[in-house]
Amino acid sequence: AEVDSRIVGYARCEHYESSKDQSLYGTVMPLPDGWYLRGVVVSESHRREGLATLLTLRRLKWLRERTSQ
């Protein structure tokens, strides 16, 4: 998220595939394959403004546009 051309927040989503990602994490992750929302961070000075909600809604929209599920 940007405010006055400054980055004040970010959020991630990540695709997990057990056949590929087990070697990355070193253990078997008890997760089904698919997309996962990862952390969301908002600058302390911009919290309680709805930015985390907006970032989450944007990630969900991004995923819907790219997946069939």
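## His46 and its surroundings

Let's start with a side-chain link: His46 and Glu49 are joined by a polar contact of 3.3 Å. (A polar contact is a pair of N or O atoms within 3.5 Å; within protein, one must be able to donate a hydrogen and the other to accept it, and residues adjacent in sequence count only if both atoms are side-chain atoms.) This is a predicted model, where local features need pLDDT of at least 70 and side-chain atom pairs count only at pLDDT 80 or more, while totals for chains, interfaces and linings use all residues. Residues are numbered from 1 along each chain as its sequence is written, and side-chain values use heavy atoms, with hydrogens and water left out.

His46 sits in the loop between β4 and α2. With a relative accessible area of 13%, His46 is buried (buried is under 20% relative accessible area, exposed over 50%, partly exposed in between, using a 1.4 Å probe and protein chains only). Setting aside neighbours within four places in sequence, His46 is in contact with Val3, Arg6, Val8 and Leu51; contact means heavy atoms within 4.5 Å.

## Overall layout

The protein chain has two helices and four strands, arranged along the sequence as β-β-β-α-β-α. Helices (H or I, at least four residues) and strands (E, at least two) are DSSP runs, numbered from the N terminus.

Of the 69 residues in the protein chain, 16% count as buried. Take the contacts between residues at least 6 apart in sequence: 47% of them join residues at least 24 apart.

The 16 residues of α2 should span 22 Å at 1.5 Å a residue, and its end C-alpha atoms are 23 Å apart, which agrees. (The expected span is 1.5 Å times one less than the number of residues.)

Leu51, Leu55, Arg59 and Leu63 are the buried ones in α2. They cover an arc of only 110 degrees around the axis, so they lie on the same side of α2; the arc is that of the directions from the helix axis to the C-beta atoms. The buried residues of α2 pack against β3 (9-16) and β4. On the other side of α2, Thr53, Leu54 and Arg64 are exposed.

## The tryptophan pair and Cys13

There is one aromatic pair in the structure. The ring centres of Trp35 and Trp62 are 5.7 Å apart and the planes stand at 85 degrees, so this pair is edge-to-face. For the cut-offs, rings of Phe, Tyr and Trp (its six-membered ring) pair if their centres lie within 6.5 Å; planes under 30 degrees apart count as stacked, over 60 as edge-to-face and the rest as tilted. The pair links distant parts of the chain, 27 residues apart: Trp35 belongs to strand β4 (residues 34-42) and Trp62 to helix α2 (residues 51-66). Trp35 is partly exposed at 36% relative accessible area, and Trp62 is partly exposed at 29%.

Cys13, in strand β3, touches both tryptophans: beyond four places away in sequence, its contacts are Trp35, Tyr36, Leu37, Arg38, Arg59, Trp62 and Leu63. Cys13 and Leu37 are 24 residues apart in sequence, yet 4.3 Å apart in space, C-alpha to C-alpha. Cys13 is partly exposed, at 23% relative accessibility.

## Two positive phi angles

Most residues other than glycine have a negative phi. Ser5 isn't a glycine, yet has a positive phi of about 65 degrees; Ser5 lies in the loop between β1 (2-3) and β2 (6-7) and is exposed at 72%. Arg48, also not a glycine, has a positive phi of about 65 degrees. Arg48 is in the loop between β4 and α2, exposed at 88% relative accessible area.
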